[in-house]
Amino acid sequence: MKLSRQFTVFGSAIFCVVIFSLYLMLDRGHLDHPKNHRREGSFPQGQLSILQEKIDHLERLLAENNEIISNIRDSVINLSESVKDGQRTPEVINFSQGNFSELSPLAPMYLSIDPEDCQFALVSGSHTSDVQMPEVYDILPFDNPDGGVWKQGFDITYDEHEWDNEPLQVFVLPHSHNDPGWLKTFDDYFRDQTQHILNNMVVKLQEDKGRKFMWSEISYFSKWWDGIDSQKKDAVKRLIEDGQFEIVTGGWVMPDEASPHYFALIEQMTEGHQWLEKALGVKPKSGWAIDPFGHSPTMAYLLKRAGFSNMLIQRVHYSIKKYFATQKTLEFFWRQNWDSGSSTDILCHMMPFYSYDVPHTCGPDPKICCQFDFKRLPGGRVNCPWRVPPEAINSGNIQHRAWMILDQYRKKSKLFRTKVLLVPLGDDFRYTESSEWDQQYQNYQKLFDYMNSHPELHVKAQFGTLSDYFEALRKAGGLDEKKDSSVFPVLGGDFFTYADRDNHYWSGYFTSRPFYKRLDRILESYLRAAEILYSLALAQSKRNERMKVFPSVEHYKLLTEARRNLGLFQHHDAITGTSKDWVVVDYGTRLFHSLMNLKKIIIDSAHVLILKDQEMYSYNPSTPFFTMDDVQSSQDSLPHKTVIDLNMQPRYLMIYNPTEQERFSVVSVYVNTPKVKVLSPSGKPVVIQLGAVWDGSASISHEAYQISFVAHVPPLGFGVYQLLEGLNTETIFADYNLYHTDKSKLVKPQRIFNIKEIQNALDEIMLENSYMKVWFSGSSGLLEKINTKEDNKNHRIKMEFAWYGTTSNRDKSGAYLFLPDGEAKPYVFSDPPVIRVTHGKIFSEVTTFFHHLTHTVRLYKVQGLEGHSLEIFNIVDIRGEYNREIAMRISSDIETHNRFYSDLNGYQIQPRQTMSKLPLQANFYPMTTMAYIQDARVRLTLHSAQSLGVASLKNGQLEVIMDRRLMQDDNRGLGQGVQDNKITANLFRLLLEKRNGVDTKEEKSSVSYPSLLSHITSSFMNHPVIPMVTYAGAGIPPVLNTYSPLTSSMPCDIHIVNLRTIQSKAGPGPSDEAALIVHRKGFDCRFANTDLGLGCSTTQGKLKVHRLFKFHVESLTPTSLSLMHSPQDARNMSEISMSSMEINTYRIQLR
């Protein structure tokens, strides 16, 4: 206890010093009178503001001192605990020689969780919505009887007099669906089709006030706008003002809803809305999503938060459409499952039929509807597959034709609860030619005029936009009056997995082109880091004359381009992997180009923030201050680490932590010598693990060595380590065991590492850290079981790989569809694989070299977060295969009862039920960041750093499809298979958690939440630390040891989604405001929360922003998600208060 007493004394001494210095500063504050009073009258005002600033400053100092004191207190507790514990954890790296800020979280750290914060997960999901999607799945037989003219539906009848008292109101909505890349690249489509559509729109809408048109993809619209003259621009603005032309959704693209992360969904939506505000002053109010392959409630939530009140969806399983049609629930309020009130409700219209083209939108009979698509008039390029062509409307046929289409309208309206009907009129890239505008608009106008002039038909038909329709619908449904109950039901849940006919489930695209699904997430993490650092550097650079040369405008242009390239890739034919090979290359090149530019922004922004003396700042684009420690040589190759050259002069290794919690993370870099020293930010030597750099299974580099150490980095900040050449007592060499069946040695003799080669060993391989022991098979090198040390329990958790083939039927798997030939076959290998086992002080790992993949499982031997889960890294190469898909499967002894859980867009968890009445492919779901299985004892979570398809086909199993190579088209328009496979990396973490106090009711609940440990594990994996090295040679000005823009870690459950500098109102540069987007995560407390090493607590969603930032917060005002709307009473605030699951945006000005 002596040590702990000394520390208490030491702590008290520091406390006294702090108090005394505060007193001196206050004293100085009294004497520091303002120097220049312009006139007597303003004297007290000036003095007051100075006093106010002093008080603010003091508050900040107090907060910092509180932090110091609490750090000291923690250190004391840590030290006394570790003294008590003796050598309880031999492989823990002890930083206690360093100063307090480098203490590894040694002793059990209890999370201070406010008990109130645990209530959310317990009560939410207990309310009822009228329609719950899992219950609908329970009821439906998923049979597919022939429904007559409406193949997948039923016969619709009506009584002619139904509309006598209230006429049918028909809105015909002309639209053109423009894919930003699919069969052609974005630029080629624009050149050949899109620009002509928009040019014709300006001319044709002006010919008649009754004509309407709508547009959704701002990526195209902005490109067109930049190329037209001011006269045309004025005409467009007039058309918008007069309600003839409407922008719907207004995102950069119409995004996929299965694979994108919510960060990217918000980013592409904000980019579109910001562009619209600046160019047109327009604020979209209705969502239009006619082509994404299945729909996510996350999208509904984001639209609602952006200020939308209506939305429309189309691609939903045909059985669900039919069931909703019988129940008249095709129009509903979509509510988030976690919402215990109704604040997330958004009115949603689901289109009832097979497609959004004209044959499937006027009514149930496509043969008749096709005759009212006047682009298909005889002599044109498109015709009707039902062999009855349209006829131009004339006085001879108008009576009959009007009756034919009215019959369709009436039948369609019978599926809905009001007498207001929506009839889309359009298709892909429609209205390119002036003649098509005339054909559609003139013929329909004749039909409308006829119907409207015959009162006995009881119909009012007109062209409309989406908002025209929803306005009329709300009126008809009495939604403007404050009523307790609505004519529309409330629905909870999602619309995956989509099937458009037969057993054709669109679960293939959850994995297709996985290389780019991974690249997408890497770009997201760099974009977020660049956005935040740029915003901080911009504020910093304004404080100092020397820093005015920081290239803020050039970098803002690059940032904008990166937002747009990432936004473009969220399109439903891009991230989905469902476009032509050369289009994929175009997307990939854009992502790759922006990745390079973002690295540049990160480096230059870090340069501004890390200098000790800002007067030393100089900007030279040809010699960047830092270089990144990895390079990617082309859009379709994997990144590789650069080798850092060391000599006796130290080089700075700056480690950036893009997360809002302080972090103890293992950092690995390559250096050119085994004699290496690493010094911590305070100059103390750090324990390092020195390992070999391997090429393949058996060859070792003599030019490069891997060093790994635990870096402690503050939130959103940097820790600066020093690397230099020299002998080091803190270096621990990794040892290697190589298992193989060769008679001869595989590794060439070398002098540095201890490498044991073992032939035909069949013993189990075991790794352990202070939380778990992990066993692997000696013959396959694959995971077999885990022992959790806390309760000394063994869990069977077995890793396997498997192949899916494709069916022998006519319809086979392709980019969209997964049509397997039955259950997966085990991955068999004729020769046992080479297995390399690394034993180290910082981490140990097992790498197995199979023919189609290299599989590594790594166990970090550190205290805290990184030691709790296993890291799994696969490099997959199936380029030689024929119609096969490779899956990674985890089998366990968890009693899952056919239930598992997968996330939607990294935002929320959706419980899933594996159903035997559905085909195998229907039981696959999208996984963006995680999936888990659980029983009353444990939960096993697979965290993913890329979107893939996931399923739990048998009790206790979880499997993901990692890549697919398919030799044929699946007849959805793409016209090719998927044969452009790359060598693809995928990264996972496997987390096993013990559950406490679970009640059985919960297993039936419509919601579930990850634990805090799980959330932060996911966050750390998706936002890895970014190491940067100082440019060699140059005389480096002194830099800070550590830097953080925050005074402390954020609460555990609060995540900064982005700090996004807002565009200036005039030029292409930045304004002095940023959008602070914050997400409060919902979490489940019923897990062990000791010893997690999370240096954060929870605060009931309250955040004192003025105290949080070290910058002066000039203003902070609430706004809608994508900055379109500010509340009437928006005023400057200093404290944010958020409910669980909410995502809020604030305009913030930092100085």
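**Entry 1: a pair in helix 12**

I began with Lys411 and Asp407, which stand four residues apart in helix 12 (residues 398–413) and are therefore separated by about one helical turn; helices here are DSSP runs of H or I with at least four residues, strands are runs of E with at least two, and both are numbered from the N terminus. I was working on a predicted model, in which local features need pLDDT of at least 70 and side-chain atom pairs count only at pLDDT 80 or more, while totals for chains, interfaces and linings use all residues. Residues are numbered from 1 along each chain as its sequence is written, and side-chain values use heavy atoms, with hydrogens and water left out.

The side chains of Lys411 and Asp407 form a salt bridge with an N to O distance of 3.2 Å, the criterion being a side-chain nitrogen of Lys or Arg within 4 Å of a carboxyl oxygen of Asp or Glu. I noted that Lys411 counts as partly exposed because its relative accessibility is 22%, whereas Asp407, at 11%, counts as buried; buried means under 20% relative accessible area, exposed over 50%, and partly exposed in between, with a 1.4 Å probe and protein chains only.

**Entry 2: the chain as a whole**

I then looked up the totals, and found 19 helices and 50 strands in the chain, with 62% of its 1151 residues counted as buried. Of the contacts in the chain with a separation of 6 or more, 76% are between residues 24 or more positions apart, a contact being heavy atoms within 4.5 Å. The structure holds 54 salt bridges.

**Entry 3: helix 8 against helix 16**

Two packed helices are described by the angle between their axes and the distance between the axes. For helix 8 (residues 262–279) and helix 16 (residues 552–569) I recorded axes that come within 9 Å and cross at roughly 120°; the axes are lines fitted to C-alpha atoms, for helices over the stretch in contact, with angles from 0 to 180 degrees between N-to-C directions. Helix 8 and helix 16 are therefore oblique to each other, since under 35 degrees counts as roughly parallel, over 145 as roughly antiparallel, 65 to 115 as roughly perpendicular and the rest as oblique. The crossing is left-handed, that is, the near helix is turned anticlockwise from the far one by less than a right angle, clockwise being right-handed.

On the helix 8 side I listed Phe263, Ala264, Glu267, Gln268, Glu271 and Trp275, which meet Thr560, Arg563, Arg564, Leu566 and Gly567 of helix 16. By class, this contact has four nonpolar, three polar and four charged residues (Ala, Val, Leu, Ile, Met, Phe, Trp, Tyr, Cys and Pro count as nonpolar, Asp, Glu, Lys and Arg as charged, the others, Gly among them, as polar).

**Entry 4: from Arg563 to helix 15**

Because Arg563 lies in helix 16 and Glu531 in helix 15, the pair ties together parts that are 32 residues apart in sequence. Arg563 is buried at 2% relative accessibility, and Glu531 is buried at 0%. I also saw that Glu267, Glu271, Glu531, Arg563, Arg564 and Arg1060 are linked in a network of salt bridges.

Helix 15 (residues 514–541) packs on helix 17 (residues 581–610) at about 30°, with the axes 8 Å apart, which makes helix 15 roughly parallel to helix 17. Their contact comprises 20 nonpolar, five polar and one charged residues, and helix 15 passes helix 17 in a left-handed crossing.

**Entry 5: helix 5 against helix 13**

The axes of helix 5 (residues 186–206) and helix 13 (residues 434–452) come within 9 Å and cross at roughly 50°, so helix 5 and helix 13 are oblique to each other, in a right-handed crossing. Helix 5 contributes Ile197, Asn200, Met201, Lys204 and Leu205, and helix 13 contributes Ser434, Trp437, Asp438 and Tyr441; I noted five nonpolar, two polar and two charged residues in this contact.

In helix 14 (residues 466–476) I listed Leu466, Ser467, Tyr469, Phe470, Ala472, Leu473 and Arg474 as the buried residues, and after the helix comes Gly478, whose phi is positive, near 65°.

Last, I looked up Lys641 and Asp629, whose side chains meet in a salt bridge at 2.6 Å, N to O. Lys641 lies in strand 14 (residues 640–641) and Asp629 in the loop between strand 12 (626–628) and strand 13 (630–631), so the pair ties together parts twelve residues apart in sequence. Lys641 is partly exposed at 29% relative accessible area, whereas Asp629 counts as buried at 5%.
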